[in-house]
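I'll jot down what I look up as I go.

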Amino acid sequence: MATCDECGEYENLPYQCRRCGKTFCGEHRLPENHDCPGLSEWNDPEAVFDSGFDDIVEGGNRAADGGVADRVRRRVNRATSTGGIAGYFRGNATYVLLAAMWLTMIGQWVAIALGGGALHNRLFMLESTALWQVWTWVTAVFAHDPGGLFHIIANSIVLFFFGPLVERAVGSKKFVGFFLVAGMVAGLGHALVGLLTNAPVAVLGASGATFAILGVLTVWRPNLQILLFFIIPMKLKYLTWGTAVVSLAFVLDPSLAVAAGLDRIAHLAHLLGFVVGLVFGRQNEGLARSARGRGGVRAGGGIRGPGGPGGPGGPGGPGRR
């Protein structure tokens, strides 16, 4: 399921325009129905809009071979088809990242079944005392608390609703790079502080990366209307800055987090991810304005979404972020 770039409505079977690369519902899939920028310089090499009249005049009644209407329909479907399963991922790196998170969770369960907690931690946990295990810099971004689903579901909600808004503005490749860098900076920053303060920590989770996404949108669309817990309407800036203030208070005074029962969350990772997002958002405001002009970054239709239970990332287990 994806959101139509023209009207903002959700579409279970989205169409990918091969001219401009955007995603549309059935009503807006044709290039002329979504004001495709390729129309201005389109010479129709695939004869998508060819009526077939010339074929009939020059070569006799060639419409008998399947019919003109059938040939035109096939060409239109070819140019604006969903592309099968791949159509859901073409230009939608957000969903690839979502799939990677859930596949990693399965990998965590397999590791625990085969080698217990020791093998799991060696493969997926970013530990301040084992920073030399460089693979965990990446795997920890996708790994989540294997003891429950709340942690990964909360991050999945944020990524699903808000990731496409950033991806459409900056492009899929840049978005994936941003997601990975933000997640690694958040995790490594938290681990390094633990190492320097002689307070060993272990972290895992995509909350640093998802909070970075919210940081970008806080710069681009601070007044974006969202539904917290799918119920409470509020502006995005109130959620993100409010969560940042609370996280900062917990970092400065850990006893507050203990009193609130949130001491097992990597609040510093949230903050670091948010800062990365703010910086990235400022650096790419021009792309955001261009995307908004094309209808790619807006708060319409099904774009409104929740901030996730307990704020971005939600409360979790040991060292979760």
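Predicted model: local features only at pLDDT ≥ 70, side-chain atom pairs only at ≥ 80, totals over all residues.

I started at histidine 144: a polar atom of its side chain lies 3.3 Å from the backbone nitrogen of alanine 206. Residues are numbered from 1 along each chain as its sequence is written, and side-chain values use heavy atoms, with hydrogens and water left out.

Next I looked for a side-chain partner, and found a polar contact of 3.0 Å between histidine 144 and asparagine 155. (Polar contact: a pair of N or O atoms within 3.5 Å; within protein, one must be able to donate a hydrogen and the other to accept it, and residues adjacent in sequence count only if both atoms are side-chain atoms.)

Where does histidine 144 sit? I find it in the loop between helix 4 (135-142) and helix 5 (150-170). (Helices are DSSP runs of H or I, at least four residues, and strands are runs of E, at least two, numbered from the N terminus.)

Buried or exposed, this histidine 144? It is buried, with a relative accessible area of 0%. (Buried is under 20% relative accessible area, exposed over 50%, partly exposed in between, with a 1.4 Å probe and protein chains only.)

Leaving aside neighbours within four places in sequence, I see histidine 144 in contact with residues including Met101, Met105, Gln108 and Leu204. (Contact: heavy atoms within 4.5 Å.)

I then checked helix 4, whose buried residues are Thr136, Ala140, Val141 and Phe142. They pack against helix 3 (93-124), strand 5 (126-127), helix 6 and strand 6.

Most residues other than glycine have a negative phi. I place asparagine 198 in the loop between helix 6 (172-196) and strand 6 (202-203), and it is exposed, with a relative accessible area of 69%.

Last, a helix pair. Leu159, Gly163, Val166, Glu167 and Val170 of helix 5 meet Ser172, Lys174, Phe175 and Phe179 of helix 6. By class I get five nonpolar, two polar and two charged residues in this contact. (Ala, Val, Leu, Ile, Met, Phe, Trp, Tyr, Cys and Pro count as nonpolar, Asp, Glu, Lys and Arg as charged, and the others, Gly among them, as polar.)
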